[in-house]
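I opened the notebook to look up a few things in this structure. The sequence and the model come first.

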Amino acid sequence: MSIPSYEPGSYQPEANGEPLWFMFYKNRIALLAGADGNLRLPHGEQPLASAFPPRLAGDYHGQPCRALLLDSEPGPDYQLTDYRQDTYELLGEELYALGNSAKQLCHWELHSQFCGICGARTLPATPVSKKCPGCGNEIFPPLSVAILAVVTKGESILLVRSHNITGLYHVLVSGFAEPGETLEQCVYREVLEETGLKVGNIRYFGSQSWAHPSNLMVGFFADYQSGEIEVQQEELQSAAFFDRPNLPELPHRFSIARRMADWWVECQDKAFAASGKYIDGSQITMPAGSGGHPYGAGGHPHSAAPKPGAAKT
Ligand SMILES: [Zn+2]
């Protein structure tokens with residue numbers, strides 16, 4: 001059974017103040033399958049038993065969202081489904097982001113059962129940490145930081161195709177930050193390594209939590225400075241600059257990569273509508289409020305940080 005098609009985000013959980021449950025089994029989310037064929041998040045008391053404790057993943061308009069790693073496959077009332085595009089279409093942006101948090105906590109739950117130093121079984125310490133009773137080692141959920149870059153050259157944008165992408169769509173240059181590196185250095189290095197191009201004027205666009213398994217994607221715009229495209233064969237099939245009228249297929253809109261490309265398109269279309277001309281990429285300014293909204297919904301459940309949209313002092 002596949003997920004029925006919904007208008008994105010049309011699903012609304014019953015707003016009764018009870019906990020909503022994001023339960024994962026082997027990286028897939030367990031959704032309740034109703035008699036009408038619709039899928040929904042379970043709510044109320046803990047729906048299934050598990051050897052793992054529930055954790056708080058966030059708040060959905062007053063309803064606590066709980067993460068639970070299942071230690072056995074749920075029964076026939078549930079459907080297990082990949083936490084990808086279909087689930088995004090079902091849950092909408094805000095719930096999907098909360099599920100992102102839950103999925104990462106479940107992944108950490110599974111991978112931190114034993115101390116990496118002495119091998120003892122770890123014990124819960126705080127809502128987001130464990131401690132080893134043997135050697136005192138503290139274990140927190142891991143986060144891998146990766147950059148994505150919109151590289152512009154005049155009126156065109158750099159897009160690449162990697163070997164591991166199915167379908168015909170193009171993506172942005174991306175890669176993981178290395179120890180000791182700033183994010184800007186990472187952008188410069190990744191673009192150079194993957195395409196042989198040097199870039200400058202690197203500026204922050206926004207970020208997105210990406211639970212596959214525990215990544216923080218940080219988006220930047222950068223201007224082409226010098227070099228000829230020389231594709232890194234191990235990672236990429238192709239790399240090329242595209243202008244606005246000749247854009248290829250882009251990634252799904254639940255990714256920050258797509259939103260970055262869409263922002264470039266929007267800026268180009270506005271410029272064209274106003275003057276009949278496209279603009280140089282260096283003239284593209286970053287969206288207002290890119291320091292959080294709209295990629296992180298609801299703020300982080302374990303900090304007192306102001307939520308997006310809250311008044312800044
Ligand atoms: Zn230990």
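I count two residues as in contact if their C-beta atoms, placed from the backbone, lie within 7 Å. Leaving out residues up to four places away in sequence, I find that W108 touches P141 and P142.

I note that this is a predicted model, in which local features need pLDDT of at least 70, side-chain atom pairs count only at pLDDT 80 or more, and totals for chains, interfaces and linings use all residues. Residues are numbered from 1 along each chain as its sequence is written.

I stayed with W108 and placed it in helix α1, residues 85-111. Helices (H or I, at least four residues) and strands (E, at least two) are DSSP runs, numbered from the N terminus. From W108 to L143 I read 10.0 Å, C-alpha to C-alpha, across 35 residues of sequence.

Why does W108 count as buried? W108 counts as buried because it has 22 C-beta neighbours inside 10 Å. The term buried asks for 20 or more other C-beta atoms within 10 Å of the residue's own; exposed means 12 or fewer, and partly exposed lies in between.

Next I looked up a sheet. Strands β7, β8 and β9 form an open sheet in that order, with antiparallel pairing. β7 (123-126) and β9 (138-139) stand at the edges with a single partner strand each, so one side of each has no neighbour in the sheet. Two strands pair if DSSP finds at least two bridges between them. β7 and β8 (residues 129-131) pair over three bridges, and P124 has K130 in β8 as its bridge partner.

Last, I noted the chain as a whole: three helices and 15 strands, with 31% of its 313 residues buried.
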